[in-house]
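Hello,

Here is the structure I promised to pass on. Please open it first, then read the notes below.

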Amino acid sequence: MNFSYVWYDTAHWLLSPARAASDLTKHFFDNPGNPLTNTPYGRTVSAACELFERTTRRYGKPAFGLPTTVIDGEEVAVTERIVWERPFCRIISFVRDHPEAKSQPKLLIVAPMSGHYATLLRGTVETFLPTHQVMITDWTDARMVPLAEGRFDLDDYIDYVKDLCRAFGPDLHLMAVCQPAVPVIAAVARLEAENDPCIPRSMTLMGGPIDTRRSPTAVNRLAEERGIEWFERHCITKVPPSHPGFWRDVYPGFQQLSGFMAMNIDRHLTAHWDMFNHLVEGDGDSAEKHREFYDEYLAVMDLTAEFYLQTVEKVFVNHELPKGEMMHRDQPVDLMSIRRCAIMAVEGERDDISGVGQTLAALELTPNLSSDKKLYHLQAKVGHYGVFNGSRFRSQIAPRIAEFIETHDREPARTKASRA
């Protein structure tokens, strides 16, 4: 049995006294009444204490923190409201206090369930708030879900997406960022095959692993080389007794984070060394930017073992979706069934997680969808995170997505004849 989670929790518990001492020392050297506070020695000790505390703490779930937006040049209040909830997910709706808000296109952002919280897409949400009715999937940390609530696997994920389309459709637009591209397009394919009246009007797939045989990245190659048995043996562990999900099999978020950081360890070490120097030099603005980024980046959640292993096996090892072999509850996931839901594929030229062509495959695997319902955008000079965040996303990618959504939001309501 893998006891890595027990050792991880134990290490945090053992470090608690050291973190408390470090925090007290920092407060002592930050005190305006201390003559050493503004000396190079005092700033050095304070900076070292902060870095120690930050690199050994457990980061909690961040807040979206989007209190206002601007609609037609007017600043309006934004309120978060839970509008749908299940044991492993809830939907946050960003309600805006403006008369035109309810007439704007309805956009559901399906956040990745891959270790980080939905707040990783804070910039994505913020960009679309002025022009869309934005909702987002807020996935639940698996260690916080008691065993009594049952399992959650890839089939359940697809069921959740289908239920969301029925709850908020048929005038709904979906946006899947990275990992959810596969379950989202699978859910739409099943809705189309069932002639469901709540088929979404469009879906935007961003940096998603539709066909990982194309331009395989280090992440893709690792999955194929190791095989599903290796991941089950080395990555799955039990939730310790100190959490509500005690004894649930999970893929811990701290393991996922370790893998991400190992891919660019030099960059992370340099960033922390730079922060140390900023603190010593009194450059508060630069240090705050570092805090904001790593407060988000280091906050991770656990995934249920069954969801993680099924995703690795079906998407990254067996490539079931592009081969036409994927099943959902004993029913085929046939992308040729998609005839009505428009699809936009967005990729980043420098994406080192989902290679160029992997998301584009969605457009080629849906031959029965007319060409006027398909759109492809390859963004130059951006990596994986630049596909859904940052200056190029705001200035070049988001406007094209908004135009795509607007085009297909104006389509006339589907008649009973078209549904038949």
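**Around Gln104**

Gln104 touches Ile71, Arg96, Leu129, Pro130, Thr131, His132 and Gln133, leaving aside residues up to four places away in sequence. Gln104 itself sits in the loop between strand 3 and strand 4. Its relative accessibility is 14%, so it counts as buried. One of its contacts is polar: the side chains of Gln104 and Arg96 are joined at 2.5 Å. Bear in mind that this is a predicted model.

Look at one pairing in detail. Strand 3 (residues 89-96) runs antiparallel to strand 5 (residues 133-139), with five bridges between them. Within strand 5, Thr137 stands opposite Ile91.

**An exposed loop residue**

Where is Ser371? It is in the loop between helix 12 (361-364) and strand 14. Ser371 has a relative accessible area of 65%, so it is exposed. Ser371 and Thr68 are 303 residues apart along the chain, and their C-alpha atoms are separated by 38 Å.

**Cysteines**

How many disulfides are there? The count is zero. Take Cys89: the closest cysteine sulfur is in Cys165, 13 Å away, which is too far for a bond. A disulfide needs the two sulfur atoms within 2.5 Å. Cys341 is in no disulfide either, as the nearest cysteine sulfur, again that of Cys165, is 7.9 Å away. Cys89 counts as buried, at 1% relative accessibility. Cys341 is buried too, at 0%.

**Aromatic pairs**

The count of aromatic pairs comes to 25. Here are two of them.

The rings of Tyr8 and Phe254 are stacked, because their centres are 3.9 Å apart and their planes are at 10 degrees. This pair links distant parts of the chain. Tyr8 belongs to helix 1 (residues 4-30) and Phe254 to helix 7 (residues 253-263), 246 residues apart. Tyr8 is partly exposed, with a relative accessible area of 23%. Phe254 counts as buried, at 13% relative accessibility.

Trp84 and Tyr160 form an edge-to-face pair, because their ring planes are at 75 degrees, with the centres 5.6 Å apart. This pair also links distant parts of the chain: Trp84 is in strand 2 and Tyr160 in helix 4, 76 residues apart. Both residues, Trp84 and Tyr160, are buried. They also belong to one aromatic cluster, formed by Trp84, Phe88, Trp139, Phe152, Tyr157, Tyr160 and Phe307.

Best wishes

Terms used
Residues are numbered from 1 along each chain as its sequence is written. This is a predicted model: local features need pLDDT of at least 70, side-chain atom pairs count only at pLDDT 80 or more; totals for chains, interfaces and linings use all residues. Side-chain values use heavy atoms; hydrogens and water are left out. Two strands pair if DSSP finds at least two bridges between them. Helices (H or I, at least four residues) and strands (E, at least two) are DSSP runs, numbered from the N terminus. Buried means under 20% relative accessible area, exposed over 50%, partly exposed in between (1.4 Å probe, protein chains only). A polar contact is a pair of N or O atoms within 3.5 Å; within protein, one must be able to donate a hydrogen and the other to accept it, and residues adjacent in sequence count only if both atoms are side-chain atoms. Contact means heavy atoms within 4.5 Å. Rings of Phe, Tyr and Trp (its six-membered ring) pair if their centres lie within 6.5 Å; planes under 30 degrees apart count as stacked, over 60 as edge-to-face and the rest as tilted.
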